[in-house]
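Try each task before you read its solution.

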Amino acid sequence: MSAGTIEDRRSQIAATEELKIHDAVQADLPAIIKIYNAAITTRIATAQLEPVTLESRRHWLKEHSPDRHPFWILEIDRQIAGWLTLKAFLPRSAYRGTAEVSVYVDEKFRRRGIARALLEEAIARAPSLQIRAMVGLIFAHNAPSLKLFAQLGFEKWGLLPRIARLDANERDLTIMGRHV
């Protein structure tokens, strides 16, 4: 974890709040799932259409490893404010250095720099995780996420038109990428 990144975020979030990024553990899953399920209802951040359960996501943390594809949470004063995952982009070995990044923030902590802090941490730590490129798959109607990724040096690498159906709406998927 790069201390400079955490210190920068801490000054933006609030000097009185304790900000901590660390690997998620099983005990964090209920809060992680709560944040994810809230995102599902917005139809802006995930293609998942039905809420997930603790039982259906028990394996989630096992799909990640702290030294290669971490699953991090960001806590403010011991409350989980958001989370980020890095996972293998595609299973073929030529893509080994590329990771797909996903980031979610609790509704009550939005617009406070949480997603930025997590993404900055991922970018800073990418070389030690043997990651050379990061890819974010973001719905084209998710303007806040597209703006944030662009601010952090991600570029539009592609567009998959009308690839997702969210209720009665067809949605485009923007591929944002960055070499690290």
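**Exercise 1. List the helices and strands of the protein chain in order.**

Solution. Start with the count: the protein chain has 4 helices and 7 strands. Both are DSSP runs, numbered from the N terminus: helices are H or I with at least four residues, strands E with at least two. From the N terminus, the order is α-β-α-β-β-β-α-β-α-β-β.

A note on the source: this is a predicted model, where local features need pLDDT of at least 70, side-chain atom pairs count only at pLDDT 80 or more, and totals for chains, interfaces and linings use all residues. Residues are numbered from 1 along each chain as its sequence is written, and side-chain values use heavy atoms, without hydrogens and water.

**Exercise 2. Find what share of the protein chain is buried.**

**Exercise 3. Work out how the buried residues of helix 4 are arranged around its axis.**

Solution. Locate helix 4 at residues 143–151. Pick out its buried residues: L146, L148 and F149. Next, find their cover, which includes strand 4 (98–105), helix 3 (114–125), strand 5 (133–139) and strand 7 (169–179). Finally, step just past helix 4: G153 has a positive phi of about 90 degrees.

How values were computed
Buried means under 20% relative accessible area, exposed over 50%, partly exposed in between (1.4 Å probe, protein chains only). The arc is that of the directions from the helix axis to the C-beta atoms. Contact means heavy atoms within 4.5 Å.
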